[in-house]
Amino acid sequence: MQIELFKISKRPRTYIAFAAITAIAFIFQFAFKADGQSYMDLVLQSVKDSFELEKAKAINGYFMCYIILNTLLIQVPILVALIAADSISGEANMGTLRLLISKPISRTQLILVKFAAATIFTILLLLWMAITALVISLLIFGADDMLIFRVKGEDSQILQITKDDILWRYFAAFGYATVALTVIAALSLFLSIFAENSIGPIIATVCIVIVCTIISNINVPIIDKNVKPFLFTSYLVGWKGFFYIGTNGEGVPIKGSLENWPSIRNSLLILILHIAVIVTASVLVFRKKDILS
Amino acid sequence: MASIIQVDHLSKQFNQVKAVNDLSFTVNEGDVYGFLGQNGAGKSTTIRMLLTLIAPSGGDILMFGKKLSTHRSEILRQVGAVIEKPDLYKYLSAYDNLSIFAKMSGIKVSRKLLMDQLQMVGLEERAKDKVRTFSQGMKQRLGIAVALVHNPGLIILDEPTNGLDPQGIADIRNLILRLSKEMGKTVVISSHLLSEIELIASRMIIINKGEKIVEGKVDDLLDPAHTIVDIESTDNLAAAKKLSGSKWVNYIQKGKPLQLMMNKEEVPQMINDLVTMNIQLLSVNSSHSLENYFLSLTTNPGYVEPFAN
C-alpha cells in the first residue's frame with residue numbers, strides 16, 4: 001500500500017486533479033466575492049415576496065461550499081478516473097506489470113492494493129475539496145445560516161438551515177461523496193485491466209458515467225422503474241439529501257433532521273454493492289488474465 | 001545435482017495457435033541454461049509461464065522441487081527476472097525503483113543493500129537520477145540489479161542483450177558469468193543468437209514452433225564432430241564426382257558450395273586430399289552444424305535437421 005501511494009504521489013498527473021479543484025473553487029469564490037449579489041437577486045427574484053431574509057447574509061461560507069460542490073462533484077469523477085484508470089493499464093504501458101506479477105505477491109493482493117490506493121486518492125481529493133471549498137469559503141465569507149434552492153417536482157423550494165446545524169451535514173455529505181466516487185474508482189480500475197494504456201479506460205469511464213447520467217435523468221416511466229434503480233449514477237448526487245432538512249406538519253424545519261434518511265441509506269447500500277461487485281469482478285478477471293504486454 | 005526447474009509436457013495455446021507444445025526440460029542447480037530459438041519460437045511464452053505471467057494450457061512446472069501452481073509466492077521469492085526490456089518506473093530514480101521492487105520481493109531493505117546493488121551494476125553515481133534519463137544499457141543493468149536485489153537462487157533473463165551496443169552486450173555477458181561462477185547462481189537466459197548462448201551457457205535447449213528440437217550440454221551440442229565445411233572450387237561438379245570415391249562422402253549438400261560434415265580435426269587432412277585429387281580450391285569455410293541448423297531455422301524452413309538420426 002505504501003508503495004502504491006508513493007508511486008501515485010510521484011506522478012505529476014496526480015497533482016492535476018488537486019490543481020483543478022483549487023482553480024474551480026478559487027474562481028467561484030472570486031466571482032461571488034466580486035459580484036455575488038447579482039446572482040442572489042436573480043435566484044431570489046421569484047420568492048422575494050414570500051421569503052424574508054437578508055441577502056447580504058445569504059452569501060456565506062456554507063452557501064459557497066454548496067455551490068462549489070454542486071459543480072465539482074460532476075467533474076470529480078473524471079479526476080478520479082485519471083488516477084484509477086491508470087492503475088493496471090499504466091503498469092502495462094510502462095512494462096512494469098510483468099515485473100510486478102513476477103514478484104511473490106498474489107494478483108488478488110495486487111488488485112486490492114491498487115483499489116485501496118485509488119480509494120485513498122479519492123478520499124484525499126475530497127479532503128482537499130473540503131479544505132478549498134468549505135474552509136477557505138468560511139474564511140472569506142464567514143459563517144451564517146444557509147439557503148438551499150431546490151426544485152421538487154414542479155415547485156421551487158428554498159430551505160433554510162441554521163448555521164449550528166450545517167457542519168455535520170457537510171461531513172456526512174463528504175462521506176457519502178467518497179463512497180459514490182469510489183464506485184467510479186472501482187469502475188476505472190476494472191476497465192484498466194483490459195487496456196495497455198490509460199487513455200482508453202479513462203475515456204471509457206467518462207463515457208459510461210455520461211451515458212448512465214443521461215439515462216438517470218430521462219423521465220420515462222419504463223426507464224424509471226426498470227433501469228434507473230440499477231444505475232450507480234442515479235445515486236451519485238445522493239449527498240444532497242443531507243441538506244434536505246426535515247420539517248414538521250406546518251413546514252417548519254426541524255434542527256438535526258433529514259427529510260428522507262431511508263432513501264440516503266438505501267442509496268449508500270446500493271453504491272457499496274456496486275463497489276463490491278466491480279472489485280470482485282476485477283479480481284476474478286485479473287487472476288485469469290495472461291500478461292502479454 | 002538438484003534440479004531447479006523441471007518442466008514436463010508444458011503447452012500453451014492462444015486461440016488456435018499452439019505457442020508451446022509438449023515442452024519438457026530440466027535446469028540443474030548452478031547451470032547457465034541457454035534458451036535458444038528464433039523470434040516467435042515460444043521462448044518468451046515459456047519464460048512467462050515460469051514467472052506465472054501466463055497460465056499454461058497443460059503440463060507441469062516444478063521449481064525448487066515444488067509445484068509452481070500451488071507454491072507460487074514461495075517459489076517466486078527465490079527468483080529474479082528481467083523480462084524482455086528492463087521496463088521500470090521512468091519517473092522515479094534508480095534508487096527508488098530498486099527500493100520498490102526489493103520491498104515487493106519481501107525483503108528488509110536498507111540503504112546499504114540498495115547502494116551495494118547499484119554499485120555492483122555500476123550505477124551508484126546515478127542512484128538519484130530519474131530512469132527516464134538512462135541509456136538502454138543503464139536500464140538493462142538496473143533491471144538486473146532489480147532482479148538480484150533479493151538475492152535469488154534462480155535468475156531468469158529473457159533476451160537481456162536486446163537493443164544493447166557491443167560494449168553493453170559484453171558487460172551483461174560478464175555479469176552473467178560472475179553471477180554463475182562467483183555467486184553460484186542458476187541462470188536461465190533466452191536468446192535468438194547461438195553465438196551469445198555459446199559463450200556463456202553450460203547447457204541449452206533449442207526450441208522451434210513451441211517444440212523442443214534439442215537439449216543438452218553446450219560442449220556436447222557443439223561437438224567438433226559436427227563441423228560443416230563449405231568448399232568452393234573451380235569446378236564443383238567435378239570435385240563432387242572425385243569426392244564420391246573418397247572417405248569424405250558425408251555430403252549434406254551437393255550444390256554450390258559443396259557442403260560436408262566431419263570432425264573439425266579432419267579438416268586439414270581433407271584439404272590435403274582435395275589438393276592431391278587436383279581439385280582447385282577457391283575457398284574452404286568451416287562452421288558448426290548446430291549453428292548452421294539454427295541459422296536454417298531463421299532462413300530456410302526446409303532444411304533437414306542434422307540431428308534427425
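One pair of residues shows how they line up: Gln6(B) has Leu62(B) in S4(B) as its bridge partner. Keep in mind as you look around that this is a predicted model.

These two strands belong to an open sheet of 4 strands, and its order in chain B is S2-S1-S4-S5, with antiparallel pairing. At the edges are strand S2 (17-28) and strand S5 (66-67) of chain B, each of which pairs on one side only. Helix H1 (residues 43-50) of chain B packs on this sheet and touches S1, S2 and S4 of chain B. The direction of H1(B) makes about 120° with that of S1(B).

## A second sheet in chain B

Chain B also holds an open sheet of 6 strands with mixed pairing, in the order S6-S7-S8-S3-S9-S10. Which strands stand at its edges? They are strand S6 (79-83) and strand S10 (211-217) of chain B; each has a single partner strand, so one side of each is left without a neighbour in the sheet. From one strand to the next, the twist averages 10°.

Inside this order you can find strand S3 (residues 32-36) and strand S8 (residues 186-191) of chain B, which pair in the parallel sense over 5 bridges. Here Phe35(B) stands opposite Ser190(B) in S8(B). Two helices of chain B pack on the sheet. Helix H5 (residues 136-148) touches S6 and strand S7 (154-158) of chain B, and the direction of H5(B) makes about 160° with that of S6(B). Helix H6 (residues 166-181) touches S3, S7 and S8 of chain B, and the direction of H6(B) makes about 150° with that of S8(B).

## Helices side by side in chain B

On the H5(B) side, Gly137(B), Gln140(B) and Ile144(B) take part, and they meet Gly168(B), Asp171(B), Ile172(B) and Leu175(B) in H6(B). Sorted by class, this contact has 3 nonpolar, 3 polar and 1 charged residues.

H5(B) has another helix to meet as well: helix H3 (residues 94-104) of chain B, with axes that come within 9 Å and cross at roughly 30°. H3(B) and H5(B) are therefore roughly parallel to each other, and H3(B) passes H5(B) in a right-handed crossing. Ala94(B), Asn97(B), Leu98(B) and Phe101(B) of H3(B) make the contact with Leu142(B), Ala145(B) and Val146(B) of H5(B). The residues of this contact divide into 6 nonpolar, 1 polar and no charged.

Now turn to chain A, whose secondary structure comes to 11 helices and 2 strands. Followed from the N terminus, its elements run α-α-α-α-α-α-α-β-β-α-α-α-α. The C-alpha trace of chain A spans about 70 × 45 × 30 Å along its principal axes. With 293 residues, a compact globule would have a radius of gyration near 19 Å, and the 21 Å of chain A agrees with this.

One helix pair of chain A is worth a look: the axes of H1(A) and helix H7 (residues 107-141) of chain A come within 9 Å and cross at roughly 50°. H1(A) and H7(A) are therefore oblique to each other, and the crossing is right-handed. Glu4(A), Leu5(A) and Ile8(A) of H1(A) make the contact with Val113(A), Lys114(A), Ala117(A), Ile120(A) and Phe121(A) of H7(A). By class, the contact of H1(A) with H7(A) has 6 nonpolar, no polar and 2 charged residues.

## Where the two chains touch

How many residues of each chain take part in the contact between chain A and chain B? On chain A there are 17, and they are in contact with 24 residues of chain B. Helix H1 (2-10) and helix H6 (96-101) of chain A are the elements that give two or more residues to the side of chain A that touches chain B. The largest share, 4 residues, comes from H6(A). The residues on this side of chain A divide into 7 nonpolar, 4 polar and 6 charged.

Methods. Residues are numbered from 1 along each chain as its sequence is written. Chains are lettered from A and ligands numbered from 1 in the order in which they are written. This is a predicted model: local features need pLDDT of at least 70, side-chain atom pairs count only at pLDDT 80 or more; totals for chains, interfaces and linings use all residues. Two residues are in contact if their C-beta atoms, placed from the backbone, lie within 7 Å. Ala, Val, Leu, Ile, Met, Phe, Trp, Tyr, Cys and Pro count as nonpolar, Asp, Glu, Lys and Arg as charged, and the others, Gly among them, as polar. Two strands pair if DSSP finds at least two bridges between them. Axes are lines fitted to C-alpha atoms, for helices over the stretch in contact, and angles run from 0 to 180 degrees between N-to-C directions. Angles under 35 degrees count as roughly parallel, over 145 as roughly antiparallel, 65 to 115 as roughly perpendicular and the rest as oblique. A crossing is left-handed if the near helix is turned anticlockwise from the far one by less than a right angle, and right-handed if clockwise. The radius of gyration is taken over C-alpha atoms; the globule rule is 2.2 Å times the number of residues to the power 0.38.
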